[in-house]
Amino acid sequence: MSNTQLNEPQTQAVRHVSGPLLVFAGAGSGKTRTITYRIAHLLANEKVPPYRILAVTFTNKAAGEMRDRIEQLVGSGLARDLWVGTFHSVSARLLRRYCGEVGLNRNFVIYDESDQKALMSRVLKSKNLSDREYPPKLILSRIHAKKQEGLSPEQVERSRNFDTTLIELYGLYQKALLSSNAVDFEDLILLIMRLSEKPNSVAGEELRSRFGFVLVDEFQDTNSTQYRLVKALSAQTRNLCVVGDDDQSIYRWRGANVGIIRGFRRDFPDACVVKLEQNYRSSANIVQAALSIIESARSREPKRLWTEQALGSPIIVRSVADERDEAAWVVRTVRERLSQQVDPRQIAVFYRVHAQSRVLEEAFRAENLPYQIIGGTRFFDRAEIKDILAYLRLVENPNSEADLVRIINVPARGIGKKTIELIFDEATRMGSSAWHALKSSTESPGLPTAARQKLRQFVNLINEWRAALVAGNTPFQLANRIVDESGYRKYLQDQDSAESDARIGNIEEFLGSIAEYEDDTELTDEKSTLTGYLERISLVAAPDAMKDVPKVALMTVHAAKGLEFDTVLLSGMEDDVFPYKGLDLGESDELDEERRLAYVAVTRAKVHLSIFHASQRTLFGQTRYLRRSMFLDDLPDGIVKHEASHQSLGRFSNDKNIEIESARPLSRDRWLTHEKSAASDALRPGERFVDRSAFDDLAHSEPATTLRRGQSVFHARFGRGIVENIESGAESPMVTATFPGFGRRKILSRYLVNG
DNA sequence: TCTAATTGCATTTTT
DNA sequence: TGCAATTAGA
């Protein structure tokens, strides 16, 4: 393997073999290249067996990219046995192996926020605490903070916002998780960390000696528990390599602690420290802009990004009237870049908060520019998907309380509130799982016969599916049975509304994704198991990232980390928006983090950077006058071109007539996922329009057909109808229309065509 | 049990 | 402003 493609410090990081290594990798400094070359070097030149190397990332995307690129260097044979994954997936994999040590069963399930909330609500009920006084979300966030510090309920000390009740709740919550045979995201790491640190234990020894080399990416984002984990896992050889950039630490609010990367040398005084400071991504002007912003930070590791690239075009700072004016200018700038032959997928629009996206989105739609929104609600967060998933998880692990409480009466099967309460209270009292209490309740004389009957039916239902699972039903077969036999499909069909139609569609899509999983696993190695599938979707966000479609990306700055674009349009650069208000800006740590966020935004741009600030903005229903962001004051005059638009550009059309052309779903994940299914689903005529959104058609896009009252439309099921009313809906405009023979119906406009 | 109405709430969200 | 989540009502 030749290292000629690496610069001096990169080579140093690659060649370093034993002992701790700390790499400060500036934005655009070839970090991924360095990491992958380093691993390739260990494999090929140092002959380290692949299974002895562990590389940890924070996102699945980063893990996937890393594995792919290593594979390109050393071939799939060696790469396959590497341990490459996120903190969570690696921990989950280890925890399946050592679950017995912590009282879990092999088929434990992983609880997401809503599961956690459901469980906490149950805990509160059992303690007769009102969730008004103790909001589950707040309590959980406080508990998670402690878990991220590695503290058990016993270790937590009483403090102002962690009183005795909270400590008790933390303990009860953990107990409830255990009896549910479930873990939350924090547990995955915490439990393995504890095992790895455990002296004189078989598991501990095994874990500490399992890996010869440990590598951590985005090290600035680690929390205390994660740090302790990788320290323990590399304890035997001390070959711990951490790579990160404290200037890009933007997840403090999630427990990330910049102090860890900054203090690494204190913990490992013999660490070799390498700084990658040459930027290969951006023009010199952009690098300068980024530097001038970050250098005002109160505290940071000293380093200086530099580049050999030309100055490039100046940073455009455009002053606009308000958010609509801003959107109009954003769109105009995008058009300009497109006309200069810039690929739309090389253009991105950033904002500080999601709430800013709506106006931008409207402008893109009105102008018929192809765009995609990154982030937002996820497919698997939809209620109907979560319901089916809860059934599946219950089949896998009937002890799961959060799942049981979710679907015991969904669809309604006459199991009333009081019955449910009784069962769960009984479980708490007995210290047993809810499933156990449910089973004994079918015999309980304390319940009316009718109730017992219903409960028994429910138990039988679950048991039948469990038998089917044991008999070898695949996840897909099982899910199909559940959708039908639980009565869920019928329940939705009976509702017969626009929403329920959409839900059925989502479920079909969900079933499709299970089939896809089965095909995937078949192609690779293992057989597809329900455990595997559930773990995968617990730890992988479905539309994990940007689709590689020719569309302009709209996203929060947080979502932009790790990406790069030819052209970046940064919107809402005003004080109180960015840096965000409501932060205690006297707290220099918080302001520093906002500053780093701005640094991340700027360093995403390769060639062209436009920054927008409005003098007036309506956000959360409040209109306010705003000053341009203090961060803009840091930009030196020489690299900036200020543009003020005193007469505003005018507004994009906001006609009450909704254009069918733009009536495609607004919601982010729909947008991301429905292309795939559109072709195969004849029941969705509206989706025919999807093709037209392709960038190729931009130049000659056809005039939009409009939807207005009194107009005739066609629906696949109801046939021809007349539009009576149009309202904006969450997904796409909601149309009320009368269909002869079917009466008045509310339909999402994407299910309609002009007729 | 389902719907409508009301209330309260709103950074960022890798898993 | 826009929504989701709870609550009241039929």
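In this predicted model, H144, K147 and Q148 of helix α7 meet E186, D187 and L190 of helix α9. Helix α7 covers residues 136-148 and helix α9 covers residues 185-197, and their axes come within 10 Å, crossing at roughly 25°. Since angles under 35 degrees count as roughly parallel, that crossing makes α7 roughly parallel to α9. If you look at the sense of the crossing, α7 passes α9 in a left-handed way.

Helix α1 (residues 8-15) packs against helix α2 (residues 31-44) at an angle of about 40°, and their axes are 8 Å apart. The two helices are therefore oblique to each other. On the α1 side, the contact is made by Q10, A13, V14 and R15, and on the α2 side by T34, Y37, R38 and H41. Here the crossing is right-handed.

Stay with α2 for the next pairing. The axes of α2 and helix α3 (residues 60-74) come within 9 Å and cross at roughly 50°, which means that α2 is oblique to α3. What does α2 bring to this contact with α3? The residues from α2 are T32, R33, I35, T36, Y37, I39, A40 and L43. They face M66, R69, I70, L73 and V74 of α3. The crossing of α2 and α3 is right-handed.

Which residues lie around DNA strand C? They are R358, F620 and G621. Of the atoms of DNA strand C that come within 4 Å of the protein, sugar and phosphate account for 30%. Two of these residues can be followed down to atom pairs. In R358, an N or O atom of the side chain is 3.1 Å from a phosphate oxygen of DNA strand C. G621 instead uses its backbone, where an N or O atom lies 3.5 Å from a sugar or linking oxygen of DNA strand C.

Finally, a word on confidence. Chain A has a mean pLDDT of 86, and 83% of its residues reach 70 or more.

Conventions
Residues are numbered from 1 along each chain as its sequence is written. Chains are lettered from A and ligands numbered from 1 in the order in which they are written. This is a predicted model: local features need pLDDT of at least 70, side-chain atom pairs count only at pLDDT 80 or more; totals for chains, interfaces and linings use all residues. Side-chain values use heavy atoms; hydrogens and water are left out. A residue is near a molecule or strand if one of its heavy atoms lies within 4 Å of it. A polar contact is a pair of N or O atoms within 3.5 Å; within protein, one must be able to donate a hydrogen and the other to accept it, and residues adjacent in sequence count only if both atoms are side-chain atoms. pLDDT is the predictor's confidence in each residue, from 0 to 100. Axes are lines fitted to C-alpha atoms, for helices over the stretch in contact, and angles run from 0 to 180 degrees between N-to-C directions. Helices (H or I, at least four residues) and strands (E, at least two) are DSSP runs, numbered from the N terminus. Angles under 35 degrees count as roughly parallel, over 145 as roughly antiparallel, 65 to 115 as roughly perpendicular and the rest as oblique. A crossing is left-handed if the near helix is turned anticlockwise from the far one by less than a right angle, and right-handed if clockwise. Contact means heavy atoms within 4.5 Å.
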